[in-house]
Amino acid sequence: MSETSLDALRERALKLDAADPLAERRALFALGHDGVYLDGNSLGALPVHVPARVQDVLTRQWGELRIRSWDESGWWTAPERIGDRIAPLVGAAAGQIVVGDSTSVNVFKAVVAAARIASHAGEGRDEILVDATTFPTDGYIAASAARLTGHRIVPVAPADVPAALGPRTAVVLLNHVDYRAGRLHDLPGLTAAVHAAGAVAVWDLCHSAGALPVGLDEHGVDLAIGCTYKYLNGGPGSPAYLYVAERHQAAFDSPLPGWNSHADPFGMTPEFAPADGSVRGRVGTPDIVSMLTLEAALDVWDGVSVEDVRAKSLALTDFFLECVEAYAPAGRVTSVTPAAHAERGSQVALRCDEAEPVMRRLIERGVVGDLRRPDVLRFGFTPLYVGFADAERAARVLAEVLAEIPPSGSAA
């Protein structure tokens, strides 16, 4: 790679950053000045204002008001209130998202409830189709839900779902973006196919919410779940969320009916009577400190268009792939992320035979991505705080590391 070519790409990066309408958002995050953070698809960066807000939760709301904060600080209504703040980011109207529990727990609630909804369409629907490439926990949970409800799990690649649908299909659980390769699946088309077969569509949005438009209401999704610690920057272990389309809320029969989802939670009656609306998705007492940390973190989205985020995401990943092609030694890395924009999430996955030592050395040099064994280098691009100069630097350091590490099978 000539110095002229290096200079040209660096210059382009600076010009792209200068024209970026989201560039000012970077100052809202605690990033330091020395590294490149490309792992926001695993854990989003800390918004700088969050520690002071959490300090208020601890010292005033809990320390001074104590039990009064359930009313006076809005603790009791936080799951629905924060759900309504997430709703615009995933294309949902208010009143359909409740925040709480983990992604895994919400997958369980959604799949079992979806199977119960599907049973209303008639007998014989005993199959749950599951994305064969899904994040493992989704598969584990779906299999347990199938055993409990008397259904059969059918693993299928997302592209093959239309052909696999039939009169026995009850539920289809799919990931919007594949966590390994970053492939974006066709949510509108697949949801329409599921509905045409008379089944219920459940989508996992963990790798899409906050990175690209989702359109839950527009595309008629039935139920959806997602985490908040990736592109939504809610913090490690921040609570997940559950979307139940308004048309299904009256029939949503949670497999985990807790006192928080009771119509009269303080009545303490032995019989369960479900609350109306998204409250049905609640279970027990919410994790208030983590939940209010998430609420504070969501302030970084005020005034942000998800369409602008998507445009920058695609431009960033295009530019990174261009820099990798220009800088990296020939044949050492291959992109497994689709080139087509319509099929790409907000990450780039590169197959590399020496992935483990390469990522270790990248991190040592301040370029933080992550590894998916055995051979995938994964780089997440969070448009609110990642810039084009970051992308150029990451590709340049990757090329330097590859030049230092001999290819597998070669002489040392």
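I began with Q347, whose side chain makes a polar contact with the side chain of N41 at 3.2 Å. A polar contact is a pair of N or O atoms within 3.5 Å; within protein, one must be able to donate a hydrogen and the other to accept it, and residues adjacent in sequence count only if both atoms are side-chain atoms.

I noted that this is a predicted model, where local features need pLDDT of at least 70, side-chain atom pairs count only at pLDDT 80 or more, and totals for chains, interfaces and linings use all residues. Residues are numbered from 1 along each chain as its sequence is written, and side-chain values use heavy atoms, with hydrogens and water left out.

Next I saw that the Q347 side chain also reaches the backbone oxygen of Y179, at 3.2 Å. I placed Q347 in strand β10 (residues 347–351); strands are DSSP runs of E, at least two residues, and helices are runs of H or I, at least four, numbered from the N terminus. Is Q347 buried or exposed? Q347 counts as buried because its relative accessibility is 1%, and buried means under 20% relative accessible area (1.4 Å probe, protein chains only).

Then I turned to helix α11 (residues 355–364), where A355, V358, M359 and L362 are buried. They cover an arc of only 95 degrees around the axis, so they sit on the same side of α11; the arc is that of the directions from the helix axis to the C-beta atoms. After α11 I found G366, with a positive phi near 90 degrees.

Key. Buried means under 20% relative accessible area, exposed over 50%, partly exposed in between (1.4 Å probe, protein chains only).
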